[in-house]
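Student: I'm new to this one, can you walk me through some of its charged pairs?
Tutor: Gladly, let's open the structure and begin with a single residue.

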Amino acid sequence: AAKKKASVIQVVLPGDVIDVSEAEKSKKIRLGPGLQQDIVDEGKAQPDVITTKCGIIKADKASFWVDANQKRAVPAYNEQVIGIITGLGETYSVDIGANLPATLSSLAFEGATKRNKPRLKLGDAVYARLTIANKDMEPEISCVDGSGRSCGLGPLTGGTVLTCSIGLCRKLLRPDCRVLRLIGEHFPYEIAVGLNGRVWIDAKPVARALLVSNAITASEFMSDGQVDTIVKTLVSKLT
C-alpha cells in the first residue's frame, strides 16, 4: 500500500511520510526525535523521511521533529536529560527514565581528574547530555560538551525534581515560555529542564519552589490568559 504523506504541523502516525522537499532545496535538513530516513527503497535518489511515533509534526527552519506528549523517555543523541544516580563506582549508573539505565563516567565533568572529581551519592540528581543513544546499546551521558566545558551541566544541588510529560518539557524550553517568564517577574528561581520528562526546580523558601512546580504542571494545556490567571493566583497566596 502507498504510504500516507503528512504535511508540516499535522497529526501523524508511525510510518507516515513527511514532505521536506521544499526545505531540502535551500539547506540541509535536520531530523529530530520521531523521524528517520527510510532506506528500504535503495533505488531512490533521496530516501523518504518517515515517522516512528504518533504526534504532531513541528518544524523550525530546516529542523523537523515529532512533538509527542509521552511519558517514556526515548534517548536521542545530544539531548539534555536529568538523571538520578542509582549505582556507584568509577562509572555511575544513572536512571534517565528510559528502558535501560545510562552510564556516566566519574571523569565526565569539567576539570575532573582521578584525584579531583565529584563525589556523587545514591539519589543525587545530575544534568547531562546524551553522548550515546542507540536502541541496541546502553545509553551514555556526560556533564561536559564537546570542548570539555560544563555549559550548565553537572550535579544538581538541592532543589526538587518534578516528573512531567516530554511535551511539557519542550514547551518549557521555548525562549518565549510564558509561565516561566511570568514567575520570574515575581521572584528568582533556578530551573533545569531535561527532555526525558524531568524538571529540576530550586527556589527559597520551599513554598516558592512548590509554587513554580504547581504553576508548571497546571500550565501544560492552558491558554496564555489562563496561565496569567494561575500565576497571579498562586503568587497572591505567598503574599
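Student: Is R170 buried or exposed?
Tutor: R170 is buried, because its relative accessible area is 19%, where buried means under 20% relative accessible area, exposed over 50% and partly exposed in between, using a 1.4 Å probe and protein chains only. Please keep in mind that this is a predicted model, in which local features need pLDDT of at least 70, side-chain atom pairs count only at pLDDT 80 or more, and totals for chains, interfaces and linings use all residues. Residues are numbered from 1 along each chain as its sequence is written, and side-chain values use heavy atoms, with hydrogens and water left out.

Student: Which residue forms a salt bridge with R170?
Tutor: That is E79, with the closest N and O atoms 3.3 Å apart; a salt bridge here is a side-chain nitrogen of Lys or Arg within 4 Å of a carboxyl oxygen of Asp or Glu. The two residues are 91 apart, with R170 in helix α2 (residues 166-172) and E79 in the loop between β8 and β9, helices (H or I, at least four residues) and strands (E, at least two) being DSSP runs numbered from the N terminus.

Student: And E79, buried or exposed?
Tutor: E79 is buried, as its relative accessible area is 10%.

Student: New topic: how many salt bridges does the structure hold?
Tutor: It holds 7, and one of the salt bridges joins R198 to D95, with the closest N and O atoms 3.0 Å apart. R198 lies in strand β17 (residues 198-202) and D95 in strand β10 (residues 91-95), so this pair ties together parts 103 residues apart in sequence.
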